[in-house]
Structure formats: structure tokens, C-alpha cells
Amino acid sequence: MTGELVSRIRSRLPDVAKSIHTLYQNHPYQVDPDFADFHVEVRPPRNLRRWFRRQAEFLVDGERPFEPLPREQAPAFLEWGLNWSIAASCHQWLTIHAASLERDGLAVILPAPPGSGKSTLCAALALRNWRLLSDELTLLDPGTGCVHALARPINLKNASIDLIRKFDPASAWGPEVYDTAKGRVTHLQPPADSVSRMREPARPRWIVFPRYEAGAEPSLTPRGKAGTFLHFAQNAFNYSPLGDRAFNATGDLVEQCECYDFVYSKLDDALVAFDRLADSAGTPQA
Amino acid sequence: MVFGGLAQGSQRFLVRQWADGCVIFDRQSGNTHALDPMTFAVLEAIQASDNGPASVNAACHSYFPQSSADELDSIARECCERLEKCGLIPARPTR
């Protein structure tokens with residue numbers, strides 16, 4: 001169970017089982033649940049690729065939405081497949097491509113294109129004083145305006161992996177896979193506190209667009225709400241299908257949040273900046 | 001949060017407006033557009049009036065009060081071209 005969603009996962013692949021055992025160690029689970037939102041399976045294909053240049057395929061509700069991937073990417077394939085399943089079908093929420101975290105009941109949303117350092121920053125914040133809601137899919141309830149948690153493993157790649165391992169040597173990780181479309185990839189176990197509180201939604205208060213820039217001094221600058229809105233409209237997976245509801249939910253979100261661009265080069269600087277944001281929560285908005 | 005006059009009673013558009021501009025959801029196309037304040041003012045003027053150039057120029061004049069008539073014509077034309085490109089107003093016939 002992740003947040004309010006139940007995934008029934010089947011796999012005979014030992015590395016997938018081991019990865020689940022590590023990454024979801026703190027999540028509640030049942031064997032053969034009575035109900036599941038998604039029925040997923042990661043398995044070898046039923047052709048020559050089962051044995052020769054081995055591959056793995058991902059199925060959800062009996063359908064195979066993707067082409068198979070190299071066999072060694074099977075554990076990561078499960079995570080990516082679950083992301084897709086949620087983005088493709090959970091229309092009770094507006095699903096935004098962004099990370100989100102919570103402190104003192106208030107959420108910060110981190111939208112950013114790939115390579116901006118969003119997941120690295122999300123991991124660092126989650127390993128310190130912020131509760132992880134999600135590293136990839138921010139679930140906004142159009143009715144309440146609150147963000148709901150998934151508390152799933154955080155996807156990191158390449159140099160970010162080494163950076164966060166050094167940042168928190170006690171953290172637990174899934175297996176590393178190589179030669180993916182994004183290079184070297186692995187997943188970080190979500191903090192236990194984030195998992196134990198994953199049924200608690202949070203009220204959005206800040207929208208921060210992070211951007212890693214080597215050598216840069218930390219800089220938090222306000223950004224316009226119209227431009228912020230448009231970014232969300234273009235980066236929400238189900239904005240179009242939700243129509244009016246998506247427009248109004250996004251408008252309310254942008255209206256109630258302070259919106260910023262954030263440039264940084266050191267994680268410690270970023271933690272200080274976000275601590276200041278959280279401390280300012282008692283200050284009336286301009 | 002300010003709703004422009006356009007949104008009041010409009011069946012076609014949903015609007016949110018801020019200091020840096022507005023966003024407008026066109027129910028007809030399903031598209032969402034960001035407009036700068038002046039272009040939105042022109043759209044409101046077009047929707048509220050008989051589509052006459054005087055009302056469009058008046059909307060632009062409020063943003064550029066020192067401009068000449070020719071300059072206002074040029075600014076108004078640019079705004080209308082932006083709106084046409086977004087499909088928010090019908091394309092005007094060219095001479």
C-alpha cells in the first residue's frame with residue numbers, strides 16, 4: 001500500500017522481490033488482498049527473449065503498455081510502471097509532474113524538468129526535516145485543494161546517487177541498474193516516518209522551481225503566478241481530461257501558494273533556504 | 001484573485017487574473033492560454049463591445065496613455081494577432 005493506493009504485485013524474479021523487500025520494508029502489505037487499485041506483474045517475456053538477450057516486461061491489469069526492457073532493469077521497471085499506472089488512471093486527483101514534501105501540515109511543491117536536480121533536492125529534504133509526499137507525482141485533490149501522499153521510493157540517477165549516499169550513509173537503496181535511457185539509476189527507500197504518515201494530506205503553501213547550477217550562490221526569487229499556472233497546465237498528466245476541474249484546482253493552488261524560482265549548488269544551502277521558508281509560514285502572505 | 005469581467009456570465013471562458021497576467025481556459029477548444037494584462041484587456045474589450053476598433057484602441061490606451069493613434073493601432077493589431085493565434089477571437093479578414 002502506498003498512500004491511498006493498493007498495488008497487487010506479482011513477480012517470480014528474485015531481484016524484483018529483493019528490491020520490493022528493501023524499498024517497501026516499512027509499508028503495510030497483505031498477501032492476496034481482497035481489493036487492489038492495480039494488478040501489476042513483472043516477468044520474463046514468453047518468447048526467445050526469456051533466455052536470449054534476456055528481457056523483462058511490465059503488465060498492469062493484464063495489459064502490456066510498454067515494450068520490454070533489459071532483464072537487469074526489472075526492479076526499476078516495476079517502479080516506472082507503477083508511476084505510469086497512477087498517472088494514467090487516478091483521475092480523482094490532478095496528477096502533476098512534481099515532487100512534494102510537507103512540514104507542519106504545509107506542503108511545498110517542486111515542479112521541474114528532468115535534470116534540474118529536483119529528485120536530489122527532494123531526497124535531501126526527505127532525509128532531513130521534511131515528510132516525503134512524492135518524488136515524482138504530486139496528487140492534488142480538486143475538491144479539497146490538498147496534496148495526497150504516495151511515500152514511494154525516490155528515483156535517483158548518476159551522480160545524484162553518490163551525492164545522497166554520502167549525504168546519508170545510513171539510507172537504504174534498491175539495486176543499481178545501468179545503461180538505462182537516463183544512465184545509472186536506483187531508488188532510495190522512503191523514510192519510515194513518511195510511510196507511517198502517508199494517509200495524511202497536506203495543504204500546499206509553496207511552489208518552488210529548483211535549478212541546480214554548479215557554483216551558484218543560493219537564490220530564492222519570486223515568480224509570476226500566471227507563468228506558474230501555465231507550467232502546471234502543461235505538466236499535469238491529466239489536465240486536459242479534467243477540464244474545468246483542472247483549471248479551477250490549478251488556479252486555487254497557484255493563488256494560495258507563494259511561488260519561487262530557486263537556484264542552488266550545495267544541498268546544505270538548499271536545506272537552510274527551505275528551513276527559512278517553513279519558518280516564515282506564520283508570516284502573512286503579501 | 002480577480003476575475004475579469006469577461007468571466008462573469010461567460011459560457012466559453014474561465015479566467016484567473018494576477019498582476020503578471022492571466023490564464024484563460026477556452027471550453028470550446030479545451031486549451032489554456034496565458035495572456036499579458038494588455039492583451040487580456042483587449043479581449044475583454046472585444047467581447048464587451050461590438051468589436052469596433054475604437055474600444056480595442058481604448059483598452060490599449062489605458063496601458064500606453066502617451067502613444068499616438070498610429071502607435072495604438074499597431075499595438076492593438078499585435079494584441080489581436082495574439083488572440084487570433086490562440087483561437088480566442090475569429091481571424092479577421094485581410095484586405
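These are my notebook entries on a predicted model.

**Ground rules.** I kept to the predicted model's limits: local features need pLDDT of at least 70, side-chain atom pairs count only at pLDDT 80 or more, and totals for chains, interfaces and linings use all residues. Residues are numbered from 1 along each chain as its sequence is written, chains are lettered from A and ligands numbered from 1 in the order written, and side-chain values use heavy atoms, with hydrogens and water left out.

**Chain B, overview.** I looked up the secondary structure and found 3 helices and 3 strands. Helices (H or I, at least four residues) and strands (E, at least two) are DSSP runs numbered from the N terminus. The order in chain B is β-β-β-α-α-α from the N terminus on. Of the 95 residues in chain B, 42% are buried. Buried means under 20% relative accessible area, exposed over 50%, and partly exposed in between (1.4 Å probe, protein chains only). I noted an accessible surface of about 5,400 Å² for chain B, with 52% of it on carbon and sulfur atoms. Such areas come from the Shrake-Rupley method with a 1.4 Å probe; for residues, only the protein chains shown count as cover. I then took the contacts in chain B between residues at least 6 apart in sequence: 35% join residues at least 24 apart. A contact is heavy atoms within 4.5 Å.

**Positive phi.** Which residues did I list here for positive phi without being glycine? A:Asp32 has a phi of about 50°, and A:Asp179 has one near 60°. A:Asp32 lies in the loop between α1 (14-23) and β2 (38-43) of chain A. A:Asp179 sits in strand β11 (residues 177-180). A:Asp32 is exposed at 52% relative accessibility. A:Asp179 is exposed too, at 71%.

**Helix α7 of chain A.** Where does α7(A) bend? I found a bend of about 75° at A:Arg245. The bend is the angle between axes fitted to the seven residues ending there and the seven starting there. The buried residues of α7(A) include A:Gly243, A:Ala246 and A:Phe247.

**Helix α3 of chain A.** I counted 9 of the 9 residues (118-126) as buried, so α3 is largely enclosed by the rest of the structure. Among them are A:Lys118 and A:Cys122.

**Cysteines.** I found 0 disulfides over all chains. A disulfide needs a pair of cysteine sulfur atoms within 2.5 Å. For A:Cys122 the nearest cysteine sulfur, that of A:Cys257, is 16 Å away. A:Cys122 is buried at 0% relative accessible area. The sulfur of B:Cys86 is 10 Å from that of B:Cys22, the closest, so it is too far for a bond. B:Cys86 is partly exposed at 22%.

**Aromatic rings.** I got 12 aromatic pairs over all chains. Rings of Phe, Tyr and Trp (its six-membered ring) pair if their centres lie within 6.5 Å; planes under 30 degrees apart are stacked, over 60 edge-to-face, the rest tilted. A:Phe58 and A:Phe66 are tilted, 6.2 Å centre to centre with 50° between the planes. A:Phe58 is buried at 0%, whereas A:Phe66 is partly exposed at 25%. A:Phe66 also pairs with A:Phe77, tilted, at 6.1 Å and 50°. A:Phe77 is in helix α2 (residues 74-89) and is buried at 4%. I also logged a cluster linked by ring pairs: A:Trp130, A:Trp206, A:Tyr212, A:Phe262, A:Tyr264 and A:Phe274.
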